[in-house]
Amino acid sequence: MIDILGLGGAPLGGNFVDLDYDQAAQLITAAKKAGVRYFDTAPWYGFGRSERVMGDLLRGTDYILSDKVGRLLRPGAVKNPMDFGMIDPLPFHVIYDYSYDGIMRAFDDNLQRVGLDRIDILLAHDIGTFQHGAENASHFKDLAEGGYRAMDELRSAGQVKAIGLGVNENQVCMDALGIGDWDVFLLAGRYTLLEQTSLSTLFPACRKASTTIICGGPFNSGILAGREAWNYAKAPPDVVDRVRAIVSVADEYSVHLAAAALQFPLGNDLVTSVIPGPRDKGELSQILGWFEVSIPNEFWSALKAKGLMNETAPVPLQKLDGA
């Protein structure tokens with residue numbers, strides 16, 4: 001159902017990058033021309049900006065779209081958009097609501113903003129302590145007691161094809177498996193070349209539940225693509241040191257770090273898609289090139305031998321001649 005390489009829509013809303021409507025539209029058009037069919041967006045991305053431009057460019061075409069619920073947009077601009085990591089968002093502010101009524105309202109609102117007749121994959125967005133801290137207990141209770149039922153009803157009625165979570169942490173996915181039947185988790189930053197914390201507990205549980213994984217944030221916010229950001233902030237020294245160690249191995253085997261980071265998650269058959277978020281057409285072109293780079297099997301083995309990768313992590317092995 002899901003194309004292997006998708007387009008993450010956060011930059012299209014001006015999240016952490018100054019990207020206007022025309023630039024966002026050009027990026028989506030370039031992705032479509034390159035054969036990308038899977039697109040991901042959310043109300044959070046520019047308070048509706050990403051949804052609007054994505055809907056405009058996908059309308060009347062063949063696409064797969066995931067959108068998110070859990071946040072309602074209300075009129076009234078925030079005082080300082082950069083407090084939310086946004087440049088020039090639409091004049092709204094967020095109300096969190098994971099209840100039955102909140103999910104249903106959010107779904108209807110999403111359809112209005114994208115201007116499309118369908119959303120394929122519906123994800124409860126940023127549920128978890130990473131986003132909400134102590135308040136998450138109340139939000140998760142709302143999801144368990146009503147929000148999940150709303151999503152399940154939308155799936156059963158054929159209004160969406162799949163439901164899941166779009167989150168940055170493993171534990172809330174484990175918790176969610178206890179309250180319902182989920183098709184997919186869009187997991188950002190937790191299964192990457194830098195971190196494989198999902199392997200020990202979450203992935204086996206997902207496999208048992210027949211829940212697949214979409215890998216978001218394959219570059220861990222940029223640190224694996226030559227930038228300084230990690231988990232949406234400046235990378236701490238221990239993360240920088242680990243990346244440098246991985247780069248050292250990559251240099252030894254003439255492997256581009258970003259190419260390895262982009263391809264690594266797909267070595268695991270539980271991962272159906274990887275969705276980086278390029279900030280312009282140039283970055284998209286780089287990503288398309290990295291996706292096709294041939295990476296020697298010895299590179300992955302060296303990372304494991306040096307303790308820079310979980311020894312049990314499946315890797316995308318290069319086929320040998322005659323194999």
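**Exercise 1.** Is F84 buried, partly exposed or exposed?

*Solution.* This is a predicted model, and the values below are computed from it.
- Step 1. Take the value: the relative accessible area of F84 is 35%.
- Step 2. Recall the cut-offs: buried means under 20%, exposed means over 50%, and partly exposed lies in between.
- Step 3. Conclude: F84 is partly exposed.

Now try W44. Its relative accessibility is 14%, so W44 counts as buried.

**Exercise 2.** Classify the geometry of the ring pair W44 and F84, and locate both partners in the chain.

*Solution.* 
- Step 1. The structure holds nine aromatic pairs.
- Step 2. In the W44 and F84 pair, the ring centres are 6.0 Å apart and the planes stand at 75°.
- Step 3. Planes over 60 degrees apart count as edge-to-face, so this pair is edge-to-face.
- Step 4. W44 sits in the loop between β2 and α2, and F84 in the loop between β4 and β5.

**Exercise 3.** Which residues of helix α6 are buried, and where around the helix do they lie?

*Solution.* 
- Step 1. Helix α6 covers residues 170-177. Its buried residues are N170, V172, C173, A176 and L177.
- Step 2. They cover an arc of only 165° around the axis, so they lie on the same side of α6.
- Step 3. Look at what covers them: the list includes α5, β7, β8 and α7.

**Exercise 4.** Describe the largest pocket: its volume, its lining and its main contributor.

*Solution.* 
- Step 1. The largest pocket holds about 1,100 Å³ of space.
- Step 2. It is lined by 45 residues, and A10, F16, G217, S221 and Y232 are the closest to its centre.
- Step 3. Elements that give two or more residues to the lining are α4, β7, β8 and α10. The largest share, four residues, comes from α10.
- Step 4. Sort the lining by class: 21 nonpolar, 16 polar and eight charged residues.

Methods:
Residues are numbered from 1 along each chain as its sequence is written. This is a predicted model: local features need pLDDT of at least 70, side-chain atom pairs count only at pLDDT 80 or more; totals for chains, interfaces and linings use all residues. Side-chain values use heavy atoms; hydrogens and water are left out. On a 1 Å grid over the protein atoms alone, a cavity is a set of points where a 1.4 Å probe fits but cannot get out, and a pocket is an open set with protein on both sides within 12 Å along at least five of seven lines; lining residues have an atom within 4 Å of a point. Grid points are joined across faces, edges and corners, and a volume is the space filled by probe spheres set on the points. Ala, Val, Leu, Ile, Met, Phe, Trp, Tyr, Cys and Pro count as nonpolar, Asp, Glu, Lys and Arg as charged, and the others, Gly among them, as polar. Buried means under 20% relative accessible area, exposed over 50%, partly exposed in between (1.4 Å probe, protein chains only). The arc is that of the directions from the helix axis to the C-beta atoms. Contact means heavy atoms within 4.5 Å. Rings of Phe, Tyr and Trp (its six-membered ring) pair if their centres lie within 6.5 Å; planes under 30 degrees apart count as stacked, over 60 as edge-to-face and the rest as tilted.
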